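Here is a short report on one protein model and its ligand. Please keep the sequence and the coordinates at hand while reading.

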Amino acid sequence: MNYQRPKGTNDILPGESEKWQFIEETARLLFGDYQYQEIRTPIFEHYEVIARSVGDTTDIVSKEMYDFYDKGDRHVTLRPEGTAPIVRSYVENKLFGPEFKKPYKVYYTGPMFRYERPQKGRLRQFHQIGVEAFGSENPSLDVETMVMAMDFFKQLGIRHIRLVINTLGDKETRANYRHALIDYLESHEAALSEDSKRRLHENPLRVLDSKDKKDQPIVQGAPSILDYLTDTANTHFETVKKTLDHLGVAYEIDHRMVRGLDYYNHTIFEIMSDAPGMGAQTTICGGGRYDGLVEELGGPAIPGVGFAMGIERILLTLDQEGVIVPSAVNLDAYVVGIGEATNMEVLKIVQAIRGFGYSADRDFMQRKTKAQFKSADKQGAQLVLTLGEDELSQGKINVKSMKSHKEKTFSLEELYQDFNEIYDEMLTFIIE
Ligand code: HAM
């Protein structure tokens, strides 16, 4: 019997979930400023959608898919990433139509699934926040996308990050480079890992992305794609670099970076964390252009660019950098009830306070008066209202401000009619 969570998954408990909300809320606000709107697609997709987009020879598709046949014998898979599903949705819902804004900008957040070997920063169910922008080939959009991701990390208070870029060029670039790469890899074939031997002819770019130690020295000596760029590809990459320079954004070029998904062309980028203690998984964001993908999934020839970042890795980075995430938990009023007879009225009072738009809490565990005051204190209540049986029979309630220690008795009628006024009276002079 196994009553534990599946390997490589996490429970996100209260205390931790506030940090998730903070990250997601920061993304929502920032991406909104850049005119991105939220999109939500299913957690599972037809296998073909992912295999076709991400690529059959990638680790993601060939080794890591949570795919299965459903009861109707359809081959489906939990989504391993967000781009392919969103392109599928973009095509299916004809979001390229004239009635939609161009570029069409969407963001998403949610769980993704990859059957990987779990380790620090690498899970089987992990969470991404990502964006996709469709309909423009302008290199300025590549840069806006990267800068937005950098902006996001800055807003969270993350400092030790690096932007690393590369280009995969256009089709012609890749065809030329493919030949050169195959020639080079063939001369080292015997020393390559089994996976790489297989990929050498199918998809040699994947060899550059190999995590196998055997392949590393060979990859180090591989020819650079930057020597094979066509004029068009070179111009695009030069413009991206110039634009980053113009905006004063620091970056590094890594001509060996290929990313683990097949749909990219032109600009690709990753943001790495240099915070100590991150472990081996330091890539907190990855993205790039995928100009052929919409067409690949049956749509018109419309370019796209985007990125995704791993929430778990962002949390690790925040931790390692010592960033304190502001706590969203707050309590305006705690109502202490003394004596069994106040039970019903206390509920009516907290409901009334909530009705005025404040947060309120009370005891449900038959705690003694002293313990109730302790709870109020522990929860950081601004006001503590106390209702004893005598007060109840007189229609009164005692209100104490925990900030100023000011104390006053109000009638219950006043409270029910206008709690705002009581709240203001008890707390305003702190503001003054
Ligand atoms: P990716 O590089 O596969 O790209 O994933 C993006 C980010 O998701 C990674 O940089 C990492 O932070 C996080 N991530 C990936 N796998 C795991 C895992 N097993 N555990 C924890 N975190 C993980 C994509 O998924 C593309 N769809 C990005 C993109 C969007 N490109 C264009 N648009």
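The report covers the annotated domain, the cores, the ligand site, a few helices and some backbone details.

## Basis and domain

This is a predicted model, in which local features need pLDDT of at least 70, side-chain atom pairs count only at pLDDT 80 or more, and totals for chains, interfaces and linings use all residues. Residues are numbered from 1 along each chain as its sequence is written, and side-chain values use heavy atoms, with hydrogens and water left out.

An unreviewed UniProt entry lists residues 21–326 as "domain: Aminoacyl-transfer RNA synthetases class-II family profile". UniProt positions follow the numbering used here, feature names are shortened, and annotations may be inferred rather than shown by experiment. The span 21–326 is 39% helix and 21% strand. Its end C-alpha atoms lie 10 Å apart. Helices (H or I, at least four residues) and strands (E, at least two) are DSSP runs, numbered from the N terminus.

## Nonpolar cores

A nonpolar core is a set of buried Ala, Val, Leu, Ile, Met, Phe, Trp, Tyr and Cys residues joined through side-chain atoms within 4.5 Å. Buried means under 20% relative accessible area, exposed over 50%, and partly exposed in between (1.4 Å probe, protein chains only). The largest core has 51 residues. Val-87, Phe-134, Leu-185 and Leu-208 touch the most other members. A second, separate core holds 44 residues, including Val-147, Leu-156, Leu-244 and Met-309.

Which residues does Phe-134 contact, leaving aside its neighbours within four places in sequence? Contact means heavy atoms within 4.5 Å. The partners of Phe-134 are Ile-86, Val-87, Tyr-90, Pro-103, Tyr-104, Val-106, Tyr-290, Val-294, Ile-302, Pro-303 and Gly-304.

## Ligand site

There are 27 residues around the ligand. A residue counts as near if one of its heavy atoms lies within 4 Å. Glu-81, Thr-83, Glu-116, Glu-132 and Tyr-264 come nearest. Strands S6 (125–134), S10 (283–289) and S11 (304–310) each supply at least two residues of the shell. S10 gives the most, with 6 residues.

Polar contacts are pairs of N or O atoms within 3.5 Å; within protein, one must be able to donate a hydrogen and the other to accept it, and residues adjacent in sequence count only if both atoms are side-chain atoms. A polar side-chain atom of Glu-132 lies 2.8 Å from a ligand nitrogen. For Tyr-264, a side-chain N or O atom is 2.6 Å from a nitrogen of the ligand. Arg-259 places a polar side-chain atom 2.9 Å from a ligand oxygen. The protein covers 96% of the 660 Å² of accessible area that the ligand has on its own. Accessible areas come from the Shrake-Rupley method with a 1.4 Å probe; for residues, only the protein chains shown count as cover.

## Helices

Helix H2 (residues 47–54) is mostly covered, with 6 of its 8 residues buried. These are Tyr-47, Val-49, Ile-50, Ala-51, Ser-53 and Val-54. They pack against strands S2 (44–46), S3 (67–69) and S4 (75–78), and against helices H3 (59–63), H4 (83–92) and H11 (293–296). Gly-55 follows H2 and has a positive phi, near 105 degrees.

Pro-139 sits in helix H5 (residues 139–156). Pro-139 counts as buried because its relative accessibility is 15%. Beyond four places in sequence, Pro-139 touches His-236, Thr-239 and Val-240. Ser-375 belongs to helix H14 (residues 369–378). Ser-375 is also buried, at 14% relative accessible area. Is Glu-172 buried or exposed? Glu-172, in helix H6 (residues 171–186), is exposed, with a relative accessible area of 52%.

## Backbone details

A cis peptide bond joins Lys-102 and Pro-103, with omega about -5 degrees. Pro-103 lies in the loop between H4 and strand S5 (104–113). Lys-94 lies in the loop between H4 and S5. Lys-94 has a positive phi of about 50 degrees although it is not a glycine. Lys-94 is exposed, at 52% relative accessible area.

Arg-259 is not a glycine either, and has a positive phi of about 70 degrees. Arg-259 is found in the loop between strands S8 (252–253) and S9 (265–273). At 11% relative accessibility, Arg-259 counts as buried.
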